[in-house]
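Dear colleague,

Please find the structure we discussed below. My notes on strand pairing and charged pairs follow.

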Amino acid sequence: MSIFVILGLLLCIEAPGSSAVTPVFVKKGDDLLLNVTEEDDPQRFIIVVWKFRGNTLATFSPNGKTTVFGAYTGRVETSVKTFSVKLNNLQEADSGVYTAQVLGRKEQTLIEYDVTVQAPVSPVGLTVDSVSSSSDSCNLTVTCSTQDSHISSTLTCDTQTCSQEGGERSEVTTSGASLRVYLETDSIICNHSNQVSWTKNMTNIQDVCPQHAGSECVSAGISVCLVKTVVFSVGLVVMVSAVITVHIMEKLKKKKL
Ligand SMILES: *[C@@H]1O[C@H](CO)[C@@H](O)[C@H](O)[C@H]1NC(C)=O
Ligand SMILES: *[C@@H]1O[C@H](CO)[C@@H](O)[C@H](O)[C@H]1NC(C)=O
Ligand SMILES: *[C@@H]1O[C@H](CO)[C@@H](O)[C@H](O)[C@H]1NC(C)=O
Ligand SMILES: *[C@@H]1O[C@H](CO)[C@@H](O)[C@H](O)[C@H]1NC(C)=O
């Protein structure tokens, strides 16, 4: 046990100044600004280099000259003052680690970004596969489906509450997105999401199971049902009082006559 701790410490000591790689997620087609943080800002340097997979994207010289290389010309904008590069119209193939290095008296890595470019997720379909209902309960099976994946779930409802067998269900699709099916208030929700986008599809349980009145009457706090009951009661009291008052007034009038 302690051997591993010592090994871990040694590994940490062995790599001084190596900052952690910063993960960045970008939606396909978007631009990305890669920065050098202020504290990393090189003061005395010969050249600052941005690299991707061993290739040089761009360089900054102390005299304010910037150069963009090869396939990146036209796709990369540079900012001399901040040593930052802006990559335009990112595609999946642009995913990977981008490194800013300063070459001075010695080579030093300023910052590293692990960039993941993702396309927005596709819409998600929600189908009710089966419904079996009696006067006081209703069981249904639903399926959430995307192009490359699907997930099913069974729900059991009585007149007021529903429960999802096994709780919320989720899975990771082959394209690395996440597909989840869960119950929220009186709806079943399918949520298809990745780091840059999400889509949902939902259905109201009452539309499928009419005997399920909903959790309106049992929801936490001051329930809608209680408010309705109070308003109705007050209304009734006011009306009855009005009738009685009119009655008494008329009797009094008759007595006077
Ligand atoms: C670079 O800086 C800009 C402005 O502060 C910020 O919006 C952007 O997210 C930063 N880029 C990264 C990769 O952190
Ligand atoms: C929800 O799923 C149904 C059934 O697959 C589909 O017809 C409908 O277009 C979907 N709605 C949304 C908003 O994606
Ligand atoms: C729904 O499922 C529950 C538990 O499995 C069962 O007790 C009930 O009879 C079912 N109701 C209907 C209408 O199938
Ligand atoms: C769907 O999931 C994503 C990622 O977890 C989340 O940000 C989003 O709020 C969810 N949408 C709904 C309607 O719950």
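Leucine 155 has glutamine 164 in β13 as its bridge partner. The model is predicted, so local features need pLDDT of at least 70 and side-chain atom pairs count only at pLDDT 80 or more, while totals for chains, interfaces and linings use all residues. Residues are numbered from 1 along each chain as its sequence is written, chains are lettered from A and ligands numbered from 1 in the order in which they are written, and side-chain values use heavy atoms, with hydrogens and water left out.

Strand β12 (residues 149-157) and β13 (residues 162-164) pair in the antiparallel sense over three bridges; strands count as paired if DSSP finds at least two bridges between them. Strands themselves are DSSP runs (E, at least two residues), numbered from the N terminus. Four residues separate β12 from β13 in a hairpin.

Buried means under 20% relative accessible area, exposed over 50%, and partly exposed in between (1.4 Å probe, protein chains only).

**Salt bridges**

The structure holds four salt bridges, each defined as a side-chain nitrogen of Lys or Arg within 4 Å of a carboxyl oxygen of Asp or Glu.

- Aspartate 94 and arginine 75 meet at 2.8 Å, N to O. Aspartate 94 lies in the loop between β7 (84-87) and β8 (96-103) and arginine 75 in the loop between β5 (66-68) and β6 (76-79), so the pair ties together parts 19 residues apart in sequence. Aspartate 94 is buried at 7%, while arginine 75 is partly exposed at 26%.
- Glutamate 168 and arginine 180 meet at 3.2 Å, N to O. Glutamate 168 is in the loop between β13 and β14 (169-172) and arginine 180 in β15 (residues 178-184), 12 residues apart.
- Lysine 86 and glutamate 77 have their closest N and O atoms 3.7 Å apart. Lysine 86 is partly exposed at 27%, as is glutamate 77 at 39%.

Kind regards
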